[in-house]
Amino acid sequence: MIQTYDRYAVDRVGWLTLAWRIYLVCVGTSFFVIVEPAPTDALFVLALGTLLLAKLRPVRLIGPIETIAILLFVWFTLFSLSSGAILHLFSALRAAGIQIYMILLFLMTAYFAHIGGDRAFRTILVALAVGGVIAASIGIMAYLSIIPQSISGLFFRDEFQTRVSSTFKDPNVLGPFLVPTVLFTLWLALSGTRHRVRAGAAFVICLFCLVITYSRGAWVHMAISGLLFGGFLLFNRRTAMATFGSTLAVIIAALLAASVLSSDIAAWIDDSYLGTRLSFQDYDSERFEAMKLALGWVAERPFGLGPNQVSANYGRYPHNTPINLAVNNGVLAAVGFVLLFLAAVYRCLIKTIEHQAGWIKYAFILSVLMGLMVLINVVPALHWRHMYVVLGLAYGQYRSNALS
């Protein structure tokens, strides 16, 4: 139970405590989405129903900007259902339901983070990390052929078994899902807590799995978020020396490897699948062309085709979250989503720059969101559960820079 719940924590039947525990299981199982409906979604519905029975603490959860953003997103998503361009009604209704569910997940996370503070932040990220380590372990075992061949194919994107997707349907979702866990376990390991050995092992497992997803978007996300958060850790008293020492060791090892094995490394990259993924892909130009075409589709129907209807209408799918949302749900729904995202970024940025209480926690969230901000421009990320959990964490009330 979150200690800071105070007298609002448990009503006479303990609904709030029960909702919190179900929510944590929901976050912890969010890695298993290879089947639909995913078990985590059923758990969320149960957690939401339980929370509605609880005696909730009256708090100012979000500001006016976030409220406007949510209203724009939800209202115009529902309004787009009246579009005459809907060719698959069930698909449209299902997509709209999922998108509203994601907003509710954001609000529930924000509520628990707000009233639970530092303990809720750590517990939620531990739950997310447990799922990340399980997914990464399954992916690595499939990649190393430890899992029997008869079922290992379930954990790859293609029949050639080159890109690990583990318990996700796509490696481009698995990779970004692992980024918060990689950063969190690194932070734990550098903090010198009693969990540093386990955290270090989890960090290595998740980072290796992220690499073998061969998701270029996830790599860029990891690079941006990792560099940002690494810089913030250097300014945090508890992690400064450990971060500096680790960074220096990595740089020295990289320079030694480059000086001694540079030709061998370059030859291996050129001949490997890694080299192929690092180069420009044939379908990249098609994706950018689809984005350009989608801007014209938005101009034709500014209120949207209806959720998840772009492929049915045009046979193309823009790999850009705001543009894809504008085509399907309408321009104003896309504005609402972008506004919500930017509001969370701004909140964390201010608290980090001003070194307010618990600033390193806001810096962690900011680092993840900045990587996501780049990534969502090249992939559709509207249904990523972990993204809404991170957005919700931005609205917590944190007081300490310590994880313990």
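**Chatting through a helical model**

Me: Let's start with Ile22. Which helix does Ile22 lie in?
Reply: Ile22 lies in helix α1. Keep in mind that this is a predicted model.

Me: Is Ile22 buried or exposed, and why?
Reply: Ile22 has a relative accessible area of 11%, and buried means under 20%, so Ile22 counts as buried.

Me: What is Ile22 in contact with, leaving aside neighbours within four places in sequence?
Reply: Ile22 is in contact with Leu43, Leu46, Ala47 and Thr50. For one of those, Leu46, the C-alpha atom is separated from that of Ile22 by 7.4 Å, and the two residues are 24 apart along the chain.

Me: Okay, stepping back. How many helices and strands are there in the protein?
Reply: There are 16 helices and zero strands. The protein has 404 residues, of which 51% count as buried.

Me: And what share of the contacts with a separation of 6 or more comes from residues 24 or more positions apart?
Reply: Those residues account for 76% of such contacts.

Me: Nice. Which residues touch the most other members in the largest nonpolar core?
Reply: Tyr23, Phe364, Ile365, Met387 and Tyr388 do, in a core of 116 residues. Helix α4, residues 89–143, gives the most to this core, with 24 residues.

Me: Tell me about Tyr23, then. What is Tyr23 in contact with, again leaving aside neighbours within four places?
Reply: The list for Tyr23 is Ala47, Leu105, Met108, Thr109, Phe112, Ile124 and Val389. Ala47 is also in contact with Ile22.

Me: How many aromatic pairs does the structure hold?
Reply: The structure holds 22 aromatic pairs. One of them is formed by Tyr23 and Phe112, a tilted pair with 5.2 Å centre to centre and 45 degrees between the planes. That pair links distant parts of the chain, with Tyr23 in helix α1 (residues 15–28) and Phe112 in helix α4, 89 residues apart. Both Tyr23 and Phe112 are buried.

Me: What about Phe121 and Phe364, how are their planes arranged?
Reply: Phe121 and Phe364 form an edge-to-face pair, with 85 degrees between the planes and 6.0 Å centre to centre. Phe121 sits in helix α4 and Phe364 in helix α15 (residues 359–375), so to speak at distant parts of the chain, 243 residues apart. Phe121 and Phe364 are both buried.

Me: Which residues form one aromatic cluster with those two?
Reply: The cluster is made of Phe121, Trp187, Phe229, Tyr362, Phe364 and Tyr398.

Me: Switching topic: α13 and α14. What angle do their axes cross at?
Reply: The axes of α13 (residues 321–329) and α14 (residues 331–353) cross at roughly 145 degrees and come within 6 Å. The crossing of α13 past α14 is right-handed.

Me: Which residues meet there?
Reply: From α13 there are Thr321, Pro322, Leu325, Ala326 and Asn329, and they meet Val331, Ala333, Ala334, Phe337 and Val338 in α14. The residues of this contact divide into eight nonpolar, two polar and no charged.

Me: Now Thr185. Where does Thr185 lie?
Reply: Thr185 lies in helix α6, residues 171–190. Thr185 is buried, with a relative accessible area of 4%. Leaving aside neighbours within four places in sequence, Thr185 is in contact with Ala199, Ala202 and Phe203. The C-alpha atoms of Thr185 and Arg198, 13 residues apart along the chain, are 8.6 Å from each other.

Me: Last topic, backbone angles. What is phi for Tyr214?
Reply: Tyr214 has a positive phi of about 50 degrees, although it is not a glycine. Most residues other than glycine have a negative phi.

Me: Where does Tyr214 lie?
Reply: Tyr214 lies in the loop between α7 (196–212) and α8 (216–234). With 11% relative accessibility, Tyr214 counts as buried.

Me: And what value is the phi of Asn308 near?
Reply: The phi of Asn308 is near 65 degrees, also a positive value in a residue other than glycine. Asn308 lies in the loop between α11 (282–300) and α12 (310–314).

Notes
Residues numbered from 1 in each chain as written. Predicted model: local features only at pLDDT ≥ 70, side-chain atom pairs only at ≥ 80, totals over all residues. Heavy atoms only, no water. Axes fitted to C-alpha atoms, helices over the stretch in contact; angles between N-to-C directions. Helix = DSSP H or I, 4+ residues; strand = E, 2+ residues; numbered from the N terminus. Left-handed = near helix turned anticlockwise from the far one by under 90°. Contact = heavy atoms within 4.5 Å. Nonpolar A, V, L, I, M, F, W, Y, C, P; charged D, E, K, R; others polar. Core = buried A, V, L, I, M, F, W, Y, C linked by side-chain atoms within 4.5 Å. Buried < 20%, exposed > 50% of the residue type's maximum accessible area, 1.4 Å probe, protein only. Phe/Tyr/Trp six-rings, centres within 6.5 Å; stacked < 30°, edge-to-face > 60°.
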